[in-house]
Amino acid sequence: MKKFKIQTKKTEIFIDEFDTIEQARIELKLYELYDHKDKIYTPDFYEIIENEQEDKQSNKQLN
């Protein structure tokens, strides 16, 4: 299942993960708005990347 995560672009520090790209884009815009409000906005500080998740159920070993 695909997930989309927001991270800092330069240091790749994980911030949050979402099921859809739309959710991730909305949240990224909110982060930027808060940064503007706090006067710490830096262009292109965040990025959204696609993160492939393995299905945990399919990796279970049967005894």
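These legends describe close-up views of a predicted model. Local features need pLDDT of at least 70, side-chain atom pairs count only at pLDDT 80 or more, and totals for chains, interfaces and linings use all residues. Residues are numbered from 1 along each chain as its sequence is written, and side-chain values use heavy atoms, with hydrogens and water left out.

**View 1. Aromatic cluster of Tyr31, Phe45 and Tyr46.**
Two aromatic pairs turn up in a search of the whole structure. Rings of Phe, Tyr and Trp (its six-membered ring) pair if their centres lie within 6.5 Å; planes under 30 degrees apart are stacked, over 60 edge-to-face, the rest tilted. Tyr31 and Tyr46 have ring centres 5.6 Å apart and planes at 45°, so this pair is tilted. Tyr31 sits in helix α1 (residues 21-37) and Tyr46 in strand β3 (residues 46-52), 15 residues apart. Helices (H or I, at least four residues) and strands (E, at least two) are DSSP runs, numbered from the N terminus. Phe45 and Tyr46 pair edge-to-face, at 4.9 Å centre to centre and 90° between the planes. Tyr31 is buried. Tyr46 is buried too, at 15% relative accessible area, whereas Phe45 is partly exposed at 36%. Here buried means under 20% relative accessible area, exposed over 50%, and partly exposed in between (1.4 Å probe, protein chains only).

**View 2. Hairpin of β1 and β2.**
Strands β1 (residues 2-8) and β2 (residues 14-18) run antiparallel, joined by four bridges. Two strands pair if DSSP finds at least two bridges between them. Phe4 has Phe18 in β2 as its bridge partner. Five residues lie between the strands, and Glu12 takes a positive phi near 55°.

The structure holds four salt bridges, each a side-chain nitrogen of Lys or Arg within 4 Å of a carboxyl oxygen of Asp or Glu. Lys2 is partly exposed at 43%, and Glu50 is partly exposed at 45%. Lys3 lies in strand β1 and Asp19 in the loop between β2 and α1, so the pair ties together parts 16 residues apart in sequence. Lys3 is buried at 19%; Asp19 is partly exposed at 46%.

**View 3. Salt bridge of Lys29 and Glu32.**
The closest N and O atoms are 3.8 Å apart. The two residues are three apart in helix α1, separated by about one helical turn. Lys29 is exposed at 53%, whereas Glu32 is buried at 14%.
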